[in-house]
Amino acid sequence: MPSGDENAVPPAAVGLRSSPRPFTVCREDDPVPPALAGAVAALGNFDGVHRGHRTLIEAVRAEAGPRPAVVLTFEPHPRAFFAPNQPMFRLTGPSAKEIVFARLGLDGLIVRRFDAELAGTSAQDFVEGWLRDRLGLSGVVIGHDFHFGRGREGSPGTLAALCAEAGLTCRIVPAVSADPGDAPISSSAIRAALASGDVARANALLGYRWFVLAQVRHGDKRGRTLGYPTANLALESCGLAHGIYAVRVRLADGNLHDGVASYGRRPTFDDGAPLLEVHLFDFKGDLYGQEVAVELLAYLRGEEKFSSAEALIAQMDVDSAGARAAIQADRVPSMLG
């Protein structure tokens with residue numbers, strides 16, 4: 001566990017940057033383009049791309065110098081590959097990661113398929129066959145707990161030794177804490193914060209407002225009759241606490257709108273499958289079929305069952321006022337512009 005100021009995240013590492021160069025995404029079996037040849041890559045799953053991950057990204061930018069600075073990650077998440085029947089609450093899916101990485105001054109993102117071939121690759125073959133020969137990397141940056149290769153046989157020390165033999169540079173970044181004496185920042189800690197409704201803590205560990213991407217689907221249109229029309233979004237394996245949230249939404253046209261959202265089972269009416277229902281303030285239009293991004297700014301209250309529609313509407317009025325106040329007061333950076 002980090003215990004000194006040297007391992008706490010400095011404020012400068014939390015700030016967002018726009019890349020001065022084009023951001024290139026190389027997916028799965030696509031050949032690495034010339035723009036990313038000889039890159040230095042930060043390796044990992046980067047679920048959440050939180051403040052600890054961002055220290056790796058700062059390190060890869062510094063290590064790369066004039067060479068391309070990229071992230072190398074894998075899909076599906078290895079945990080989903082090894083345990084496909086166990087739902088996993090992912091903080092950032094592939095599309096969300098691309099949005100975040102593109103804001104952090106990187107030259108590109110390389111995504112490779114995590115499959116049986118890769119899972120069975122020895123540590124040596126991973127370094128020489130994958131990193132050097134297939135991807136043409138010139139160096140890597142990893143976290144203190146990075147493991148790789150068949151049966152997770154490769155440790156950070158193993159990677160450093162194999163990289164030296166293969167002619168690659170290797171930099172190992174120590175654990176990062178939010179404050180001196182705290183446990184290292186982790187995706188698990190952020191999931192736990194969101195599961196308890198502690199949006200403020202989750203966003204503080206991320207260094208930006210947590211957001212989800214989903215397509216607006218048709219619902220029962222009950223919100224219209226209540227005076228609060230909503231955009232309905234189904235979130236896959238989401239562990240977010242059921243309740244009411246202050247949100248900001250980016251539509252497909254890039255415009256941003258403030259709003260209030262409910263995530264849960266609607267106990268007043270049907271107690272059905274969980275949905276994120278978002279009401280946009282001062283908005284009229286058809287959003288069906290659009291992919292929208294919804295970022296959470298504050299948790300307002302837990303989900304409740306009301307005795308009547310009138311009681312629910314009165315509470316929604318209160319929630320809307322609370323959401324507007326929370327949005328006005330929020331100063332956490334946004335990845336959505």
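Is cysteine 170 buried, exposed or partly exposed, and what is its relative accessible area? Cysteine 170 is partly exposed, with a relative accessible area of 24%; here buried means under 20%, exposed over 50%, and partly exposed in between (1.4 Å probe, protein chains only).

**Basis of the views.** The structure is a predicted model, in which local features need pLDDT of at least 70 and side-chain atom pairs count only at pLDDT 80 or more, while totals for chains, interfaces and linings use all residues. Residues are numbered from 1 along each chain as its sequence is written, and side-chain values use heavy atoms, with hydrogens and water left out.

**View 1. Confidence along the chain and the segment 1-15.** The protein chain has an average pLDDT of 90, and 92% of the residues reach at least 70; pLDDT is the predictor's confidence in each residue, from 0 to 100. Over residues 1-15 pLDDT stays under 50. For this segment the model has 35 contacts beyond four places in sequence, a contact being heavy atoms within 4.5 Å.

View 2. Cysteine 238 is buried, with a relative accessible area of 18%.

**View 3. The six-stranded open sheet.** The strands follow the order S7-S12-S9-S10-S11-S8, with antiparallel pairing. Strand S7 (211-215) and strand S8 (231-233) are at the edges, each with a single partner strand, so one side of each has no neighbour in the sheet. From one strand to the next the twist averages 35°. Helices (H or I, at least four residues) and strands (E, at least two) are DSSP runs, numbered from the N terminus; two strands pair if DSSP finds at least two bridges between them.

**View 4. Pairing of S12 with S7 and S9.** Strand S9 (residues 243-250) and strand S12 (residues 291-302) run antiparallel and are joined by eight bridges. Tyrosine 245 stands opposite tyrosine 299 in S12, and isoleucine 244 stands opposite arginine 301 in S12. S7 and S12 also pair in the antiparallel sense, over five bridges. Valine 212 has valine 294 in S12 as its bridge partner.

**View 5. Helices H4 and H11 across the sheet strands.** Helix H4 (residues 94-102) lies across S7 and S9 and runs at about 130° to S7. Helix H11 (residues 309-329) lies across S9, strand S10 (256-264) and S12, at about 105° to S12. Axes are lines fitted to C-alpha atoms, for helices over the stretch in contact, and angles run from 0 to 180 degrees between N-to-C directions.

**View 6. The cis peptide bond between glutamate 75 and proline 76.** Omega of this bond is about -5°. Proline 76 lies in the loop between strand S3 (69-75) and helix H3 (78-82). Most peptide bonds are trans, and most residues other than glycine have a negative phi.

**View 7. Positive phi at valine 49 and arginine 152.** Valine 49, not a glycine, has a phi of about 45°. Valine 49 is found in the loop between strand S2 (40-43) and helix H2 (51-64) and is buried, with a relative accessible area of 0%. Arginine 152, also not a glycine, has a phi of about 55°. The loop holding arginine 152 is between strand S5 (139-143) and helix H7 (156-166); arginine 152 is exposed, with a relative accessible area of 54%.
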